[in-house]
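Good morning. Please have the sequence and the model open while I talk.

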Amino acid sequence: DNRCKAFTFNSRSNSCFPKSAVSDRQPYEGATSAEVLELDPRVARVADARGEELDRVLSKRDLSEALAQARDIGSRHPGGQYTTEALLNAAEDRRAQKDYLNAMRWTGAAVAVTDRSDQWVEYGRLSLAIQTQKSSDKRNYADRAVGAAVNGYLRALNDAQRVNALSAIADAFERLERGRDMIPVLRLAEQIQPREELKARLDSAIAKYGFRITEHEVESDKAEPRVCAEFSEHLVRTGVDYAPYTKLPDQRMSVETEGNRICIGGATHGERYVVTFREGLPAASGEKLIKDVELRFYVRDRSPSVNFAGRAYVLPKAADAAIPVQTVNLTELDLVLRRVSDRNILRAIQDNYFGKRLSYWNSRSFAGEVGEEIWRGTGQVDSEINRDMTTRLPMGDIVRDLDPGVYALSAAIPGVDAYDDEGATQWFVLTDLGLTTMNGADGLH
């Protein structure tokens with residue numbers, strides 16, 4: 001009701017008395033009074049435009065919380081019978097003594113009366129200055145600072161006030177660990193009133209929180225090695241060719257995108273490469289690299305490795321029995337053969353050993369409690385630098401006198417601690433059963 005200019009609520013009678021004007025001001029025990037203040041008409045004229053500007057750089061939650069704060073400021077910080085001048089003087093006195101909590105409270109009471117842009121921003125800055133050890137309080141005060149600076153921007157009557165409010169929002173975002181959100185806010189401030197300090201701060205925020213390369217990796221253990229750069233944000237999924245944004249040492253190299261990574265294929269082991277990711281390279285969010293980024297890579301030789309291709313294997317008890325093993329950059333393997341007795345087969349399955357590559361800890365418990373070591377030795381394997389090699393390990397002499405059953409052959413890299421590289425395990429069944437098949441006119445027998 002626009003005719004209501006004030007009210008008094010009497011808690012004793014549970015009654016509210018609206019008033020069309022304020023004729024007198026007297027304290028009364030058990031009563032709460034409030035006055036409706038008129039909005040500056042200049043603020044009303046610019047508020048919609050200010051809101052549209054903030055809508056492009058802030059979240060809906062930021063704006064809704066600022067609205068709630070504006071509605072509640074009068075009841076949160078009641079000024080009572082004090083004049084605006086008295087409230088601001090009290091705030092200044094508290095600030096001089098570095099009592100930022102009470103300085104914030106007095107300023108909030110003044111804001112409730114004046115609704116001025118500069119005082120809203122000061123209210124936010126004082127909230128950020130409050131010293132507390134509780135992380136929840138720090139976050140609450142930073143959230144309050146965001147809302148206050150947003151309200152300051154909505155009421156700003158000149159560019160300087162707009163920029164000051166945006167700068168305060170950025171300060172609060174950094175406190176809240178919302179560094180990425182600082183960038184559009186500072187960019188808007190720099191567009192409104194270009195200043196060297198704003199540009200420097202924007203560049204700093206982009207370098208720390210913006211779209212950038214966060215780390216790089218050389219996938220040298222692959223047969224076809226790649227060099228990859230990881231970005232702070234996801235890249236565009238479709239419709240963007242990233243090859244023009246990548247300066248390659250060899251144009252035959254390929255450019256692939258994977259989520260937030262760009263990988264360069266076609267590298268060679270033992271070679272050094274320099275790859276430049278060019279300014280303007282776009283992210284899915286619309287952000288771009290602000291400058292060229294040069295990365296230097298060295299693709300080392302592949303690490304020695306051993307692997308068995310299959311999970312399980314039926315090995316005939318024959319003179320030419322062999323188990324294939326895959327190796328990289330190795331000429332010799334340390335081998336251990338263990339047998340699982342009939343009574344331990346069930347446990348090998350229950351403990352999740354059977355058919356699996358044994359980890360360091362599993363290998364220790366398996367060797368001590370489940371598998372019986374029956375042979376230990378070395379195996380010679382074929383080797384060509386950096387190539388996957390498959391070698392048939394001859395097992396005929398070893399299995400010739402063994403009983404049928406379940407066995408596990410472990411292969412390890414010589415001189416390497418099993419904790420650092422667990423090696424590989426090939427499970428196999430040694431059998432003296434032979435199967436013969438015949439395909440006849442009436443089917444397979």
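A disulfide is a pair of cysteine sulfur atoms within 2.5 Å. Keep that cut-off in mind, and keep in mind that this is a predicted model.

Take Cys 16. The closest cysteine sulfur to its own is in Cys 4, 7.4 Å away, so the two are too far apart for a bond. Cys 16 is partly exposed, with a relative accessible area of 44%. Cys 4 is partly exposed as well, at 24%.

How many disulfides does the count come to? One. Cys 228 and Cys 263 form a disulfide, with 2.1 Å between their sulfur atoms. This pair links distant parts of the chain: Cys 228 sits in strand 5, residues 226–231, and Cys 263 in strand 8, residues 261–265, which puts the two 35 residues apart. The link is right-handed, with 115 degrees about the S-S bond. Both Cys 228 and Cys 263 are buried.

Next, helix 8. It runs over residues 179–192, 14 residues in total, and its first and last C-alpha are 21 Å apart, close to the 20 Å expected. Its buried residues include Met 182, Ile 183, Leu 186 and Ile 192. What do the buried residues of helix 8 pack against? Helix 1, helix 6, helix 7 and helix 9.

Last, Ser 365, in helix 11, residues 360–369. A polar atom of the Ser 365 side chain lies 3.1 Å from the backbone oxygen of Asn 362. Leaving aside residues up to four places away in sequence, Ser 365 touches Tyr 353 and Val 370.

How values were computed:
Residues numbered from 1 in each chain as written. Predicted model: local features only at pLDDT ≥ 70, side-chain atom pairs only at ≥ 80, totals over all residues. Heavy atoms only, no water. Helix = DSSP H or I, 4+ residues; strand = E, 2+ residues; numbered from the N terminus. Polar contact = N/O pair within 3.5 Å; in protein donor to acceptor, adjacent residues only side chain to side chain. Contact = heavy atoms within 4.5 Å. Expected span 1.5 Å × (residues − 1). Buried < 20%, exposed > 50% of the residue type's maximum accessible area, 1.4 Å probe, protein only.
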